[in-house]
Amino acid sequence: MELSGRCVLVTGGARRIGRAIALAVAGAGAKVIIHHHRSASEAEAVAAECRALPSCQGAVTLAADLAQASACLALATAAEDAGPVDVLINNAAVYLKTPLASLDAASWDAVQAVNLRAPVLLARALGLAMRERGEGVILNLTDWGTDRPHTHYLAYAAAKAGLISASAGLARALAPEVRVNSIAPGAILPPENASPEYDNAVRSATPLGRWGGVSSVTSTILFLIGNDFTTGGNYLVDGGRSTR
Ligand SMILES: NC(=O)c1ccc[n+]([C@@H]2O[C@H](COP(=O)([O-])OP(=O)(O)OC[C@H]3O[C@@H](n4cnc5c(N)ncnc54)[C@H](OP(=O)(O)O)[C@@H]3O)[C@@H](O)[C@H]2O)c1
């Protein structure tokens, strides 16, 4: 798909990787809908940055708490009104530490709601509309570590594993009009307030010896939007981490 003149919804687009994705698609000539939850002022700032790019076809913000199923459906409706949406990028997620000793139904459900249910509800609502119009692209941000889940992040890893599976199922269900892929990042950006020890451990566990930075993800996003023979895949962007 050629991005110029298309409308792209980026969930969690106010900060970090989502912000970089919004700027990248705006720079490629798209109109961007920047979804946010708590980061309203940051989302407005990203929208202004996007609009300042000569190629950008417009940028708006929409708020939604993706932990609520009804809010996911309302976001899809509002985005269609602002769009219609040609490309959905499910980037928003919670990275909640859930050690087994403290894992309970509430923490499990909270992670599944945002990291698995919300992207699927958005993909269903917007994907069916894209299929009706004859064309669309959906990209889901997953994680390199689903096959070797960190013991303190069982709920997160299980949700991301579910999202990889759901992406493949959605790819089959929405083909041939709509393509659905997932991107499995490794160490892209350190969590906020990561310790120097954590930073060193991640670098030494990554064969390429560094954090990927946001361009490693945005270049993959642009590649997958542009490559019309990709669907159902989960693309590792992990600096080789999964080989160890
Ligand atoms: N960072 C990495 O190195 C890395 C590695 C592997 C995978 N990933 C994946 O790549 C994606 C982006 O990573 P990131 O580190 O940039 O993410 P992040 O900063 O942890 O979170 C992205 C956004 O998700 C939104 N969000 C959280 N809970 C929400 C809710 N209940 N409703 C709506 N939005 C909610 C937040 O929006 P607000 O700020 O507006 O509340 C937040 O800014 C995620 O899917 C992540 O799992 C990242």
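Buried means under 20% relative accessible area, exposed over 50%, and partly exposed in between (1.4 Å probe, protein chains only). The structure is a predicted model, in which local features need pLDDT of at least 70, side-chain atom pairs count only at pLDDT 80 or more, and totals for chains, interfaces and linings use all residues. Residues are numbered from 1 along each chain as its sequence is written, and side-chain values use heavy atoms, with hydrogens and water left out.

**Stop 1: Thr218**

Select Thr218, which sits in helix H7. Helices (H or I, at least four residues) and strands (E, at least two) are DSSP runs, numbered from the N terminus. With a relative accessible area of 11%, Thr218 is buried. Show its contacts, meaning heavy atoms within 4.5 Å. Apart from neighbours within four places in sequence, Thr218 is in contact with Ala20, Ile21 and Ala24.

**Stop 2: helix H1**

For a length check, the expected span of a helix is 1.5 Å times one less than its number of residues. The twelve residues of H1 should span 16 Å, and the end C-alpha atoms are 17 Å apart, which agrees. After H1 comes Gly29, with a positive phi near 100 degrees.

**Stop 3: the largest nonpolar core**

A nonpolar core is a set of buried Ala, Val, Leu, Ile, Met, Phe, Trp, Tyr and Cys residues joined through side-chain atoms within 4.5 Å. The largest one has 32 residues, of which Ile34, Cys50, Ile89, Ile221 and Ile225 touch the most other members. H1 gives the largest share, six residues.

Centre on Ile89: not counting residues up to four places away in sequence, Ile89 touches Val8, Leu9, Val10, Thr11, Ile21, Val25, Leu139, Leu141 and Ile221. A second, separate core of 25 residues includes Ala71, Ile138, Val178 and Val180.

**Stop 4: helix H2**

Select Ala43, Val46, Ala47 and Cys50, the buried residues of H2. They lie on the same side of H2, because they cover an arc of only 100 degrees around the axis, the arc being that of the directions from the helix axis to the C-beta atoms. These buried residues pack against H1, E2 and strand E3 (59-63).

**Stop 5: the ligand**

Of the 28 residues around the ligand, His37, Arg38, Ser39, Leu66 and Asn91 come nearest. Next, draw polar contacts: pairs of N or O atoms within 3.5 Å; within protein, one must be able to donate a hydrogen and the other to accept it, and residues adjacent in sequence count only if both atoms are side-chain atoms.

- A ligand oxygen atom is 2.7 Å from a polar backbone atom of His37.
- A ligand nitrogen atom is 2.8 Å from a polar backbone atom of Leu66.
- A ligand oxygen atom is 2.8 Å from an N or O atom in the side chain of Tyr156.

**Stop 6: Arg6**

Finish at Arg6, in the segment before E1. A polar atom of the Arg6 side chain lies 3.3 Å from the backbone oxygen of Glu2.

Definitions and conventions:
A residue is near a molecule or strand if one of its heavy atoms lies within 4 Å of it.
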